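The following exercises concern one structure, and each is followed by a worked solution.

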Amino acid sequence: MSAVPAARPTASAEPPDRGPELDLLLVPPRARTGWRLVPARIAAMCAVELQKLRHDRTELYTRAVQPALWLLIFGETFTRLKAIPTGGIPYLDYLAPGIIAQSAMFIAIFYGIMIIWERDSGVLTKLLVTPTPRAALVTGKAFAAGVKAVLQAVVVVLIAAVLGVAMTWNPLRLLGVVAVVLLGSAFFSCLSMAIAGIVLTRDRLMGIGQAITMPLFFGSNALYPLDLMPGWLQAVSKVNPLSYQVDALRGLLIGTPSHLPLDFAVLAAATLAGIAAASALLGRLAR
Amino acid sequence: MDHEEAVVCRGLEYSFTHGRGKVTRAVDGIDLTVRTGEVFGLLGPNGAGKTTTIRAITTLLPVGAGMVRVFGHDATRRPMEVRRLLGYVPQQLSADAGLTGRENVALFARVFDVPRAERARRVTQALAAVDLTDAADRMAATYSGGMVRRLELAQALVSAPRLLVLDEPTIGLDPIARTGVWERVDAVRRATGMTVLVTTHYMDEADRHCDRIALMDRGRIRALGTPAELKDQVRQDGQQGQAGHEGRDGRDGRDEPTLDDVFRHFAGRDLADATEGDFGDVRRTRRTANRVG
Ligand SMILES: Nc1ncnc2c1ncn2[C@@H]1O[C@H](COP(=O)(O)OP(=O)(O)OP(=O)(O)O)[C@@H](O)[C@H]1O
Ligand SMILES: [Mg+2]
């Protein structure tokens with residue numbers, strides 16, 4: 001039972017009930033300081049994400065349906081139509097990296113809604129009263145989104161492989177794929193958390209989330225090459241981090257000509273900017 | 001390094017600005033001191049400003065006017081130091097429903113830097129301290145309201161805080177669950193000697209469990225002292241004033257004033273009346289309780 005002092009008679013043969021051991025609860029843990037703090041918080045947030053996924057994998061499966069349909073219907077049809085010039089590779093192969101980036105982005109955009117839900121349910125409030133800097137909390141959430149997106153990417157890669165897409169199995173390139181998906185998801189989750197810090201309610205964010213995901217997707221090179229687009233759409237695509245993510249994924253997985261250093265630089269810079277913006281706006285959710 | 005005072009607030013004010021420049025003065029100049037080792041109760045009706053005060057002390061709100069210190073650390077300038085010393089249970093029932101009870105507590109062990117080697121044992125002890133050992137590996141979504149509250153206590157206790165801050169720990173719970181929560185708080189306090197700052201609008205709880213209380217109404221502290229002191233004062237004022245008359249305290253000639261009488265005396269209105277005005281918060285709490293519990 002509890003740590004109630006033994007005010008009751010202990011004449012029985014049983015050992016006296018001294019309550020549970022509480023010795024550790026008397027000693028505060030030693031504080032981590034300096035650079036070791038942020039990685040520890042990121043690890044904590046990622047651990048929670050993995051624990052949740054272990055308890056309930058349905059999301060992983062249901063979220064695989066949409067990319068599978070894109071590849072199966074859109075990919076197969078346009079491969080046959082040969083309507084989109086892809087530089088000699090089957091359209092399905094061209095499309096697969098775009099769909100990986102898309103499904104990762106959809107997961108990440110959901111994180112703003114999740115953080116508002118956590119605010120409403122008090123979970124976020126409690127985390128904000130722990131020795132966790134706002135930026136570390138945001139970075140932790142961003143990488144948790146990345147971990148989830150990487151698992152989702154594995155599912156999409158497997159589906160694509162089943163459909164006969166010829167992808168690299170070079171471990172170094174696959175490591176690059178993981179890094180690109182992590183960075184891209186980190187950026188989009190920060191974008192969505194930053195918007196959450198501005199609009200503050202779930203309903204508004206749902207509307208905005210829906211309003212921006214489709215333009216981000218269609219205004220990128222996920223479905224078609226840049227030079228097919230009208231000028232204004234090319235401009236949109238050039239400032240859209242999703243385009244750089246797709247470009248890197250295509251280069252790494254399919255081996256199409258790409259701009260890996262630029263892609264990584266843009267994604268890293270976008271992620272840093274996103275973390276800064278979301279951390280600055282996070283406090284608004286606590287008020 | 002040893003601070004006599006766990007919490008010091010001086011001239012604390014906080015106003016919420018709604019759209020179109022409407023301003024609510026939620027906390028209107030509060031001075032209070034919580035001494036190390038005591039159970040301090042902040043008592044008042046809905047909307048009195050208890051939660052706002054708590055959120056200023058826990059670094060959730062920027063302290064505009066006034067000063068807040070926790071064990072000597074300024075809440076605005078050194079929030080990280082303050083947070084390390086705090087265990088906080090907010091007014092809403094909040095546990096992550098997608099995790100087990102043990103995982104919920106382990107998260108707080110991690111973010112308070114409990115080393116891996118002792119994490120599991122510490123989490124087990126925190127769960128045992130609130131009597132959740134048997135339910136530890138069930139999903140928090142299956143917990144009752146009282147169990148969620150005790151789980152939150154375990155989350156707050158796992159870092160061995162010097163100050164435990166509980167915002168209406170028993171709101172929305174049935175009498176048995178209320179007793180259960182208080183038993184854990186009392187037992188942990190006896191075992192660890194930690195300071196407890198608690199808000200409530202139940203007079204009987206404040207009377208039974210708090211060493212000192214502050215009566216709060218409309219953003220101000222109307223009276224502060226031990227329950228006995230406050231009652232004494234009401235008795236004396238009553239005798240000096242209209243002797244033999246029921247007076248504005250309306251105590252029907254009873255000898256021992258209750259804390260309800262005390263509130264009426266100092267705030268000039270009934271606690272029940274003051275509380276009935278605003279059901280919004282209670283309803284919000286209930287809704288959360290249903291969703292999580
Ligand atoms: N986020 C907010 N935005 C605007 N006004 C707020 C906000 N939070 C509280 N208030 C207002 O500030 C005042 C004090 O609220 P507070 O929550 O501190 O009271 P309380 O004593 O905790 O009440 P309760 O017993 O209902 O929890 C109330 O008038 C409330 O309407
Ligand atoms: Mg409150």
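Helices are DSSP runs of H or I with at least four residues, and they are numbered from the N terminus. The model used throughout is a predicted one.

**Exercise 1.** Determine which element supplies the largest share of the shell around ligand 1.

*Solution.* 
Step 1. Count the shell: 15 residues surround ligand 1, and the closest are B:Asn46, B:Gly47, B:Thr51, B:Thr52 and B:Gln91.
Step 2. Identify the contributing elements: in chain B, strand 2 (23-35) and helix 1 (50-57) each provide at least two shell residues.
Step 3. Select the main contributor: helix 1 of chain B gives three residues, the largest share.
Step 4. Sort the shell by class: eight residues are polar, four are nonpolar and three are charged.

**Exercise 2.** Describe the polar atoms of chain B that lie close to oxygen atoms of ligand 1, using a cut-off of 3.5 Å for a pair of N or O atoms.

*Solution.* 
Step 1. Begin with the side chains: a polar side-chain atom of B:Thr52 is 2.5 Å from an oxygen atom of ligand 1.
Step 2. For B:Gln91, a side-chain N or O atom is 2.8 Å from an oxygen atom of the ligand.
Step 3. Turn to the backbone: B:Ala48 places a polar backbone atom 3.1 Å from an oxygen atom of ligand 1.
Step 4. Consider the ligand as a whole: ligand 1 taken alone exposes 630 Å², of which the protein buries 75%.

**Exercise 3.** Which residues make the nonpolar surface patch of about 350 Å², and why does A:Leu69 count as partly exposed?

*Solution.* 
Step 1. List the members of the patch: A:Val65, A:Leu69, A:Leu72 and A:Ile73.
Step 2. Locate A:Leu69, which belongs to helix 2 (residues 58-81) of chain A.
Step 3. Apply the accessibility classes: A:Leu69 counts as partly exposed because its relative accessibility is 43%.

**Exercise 4.** Examine the positive phi values of A:Lys82 and B:Asp131, and state where each residue lies.

*Solution.* 
Step 1. Recall the general rule: most residues other than glycine have a negative phi.
Step 2. A:Lys82, not a glycine, has a positive phi of about 50°. A:Lys82 is found in the loop between helix 2 and helix 3 (91-120) of chain A, and its relative accessibility is 70%, so it counts as exposed.
Step 3. B:Asp131 also has a positive phi, near 65°. B:Asp131 sits in the loop between helix 4 (116-129) and helix 5 (145-157) of chain B; its relative accessibility is 30%, and therefore B:Asp131 counts as partly exposed.

Terms used:
Residues are numbered from 1 along each chain as its sequence is written. Chains are lettered from A and ligands numbered from 1 in the order in which they are written. This is a predicted model: local features need pLDDT of at least 70, side-chain atom pairs count only at pLDDT 80 or more; totals for chains, interfaces and linings use all residues. Side-chain values use heavy atoms; hydrogens and water are left out. Patches are made of residues with over 30% relative accessible area and no salt bridge: like charges are joined within 9 Å, nonpolar side chains (Val, Leu, Ile, Met, Phe, Trp, Tyr) within 5 Å. Accessible areas come from the Shrake-Rupley method with a 1.4 Å probe; for residues, only the protein chains shown count as cover. A salt bridge is a side-chain nitrogen of Lys or Arg within 4 Å of a carboxyl oxygen of Asp or Glu. Buried means under 20% relative accessible area, exposed over 50%, partly exposed in between (1.4 Å probe, protein chains only). A residue is near a molecule or strand if one of its heavy atoms lies within 4 Å of it. A polar contact is a pair of N or O atoms within 3.5 Å; within protein, one must be able to donate a hydrogen and the other to accept it, and residues adjacent in sequence count only if both atoms are side-chain atoms. Ala, Val, Leu, Ile, Met, Phe, Trp, Tyr, Cys and Pro count as nonpolar, Asp, Glu, Lys and Arg as charged, and the others, Gly among them, as polar.
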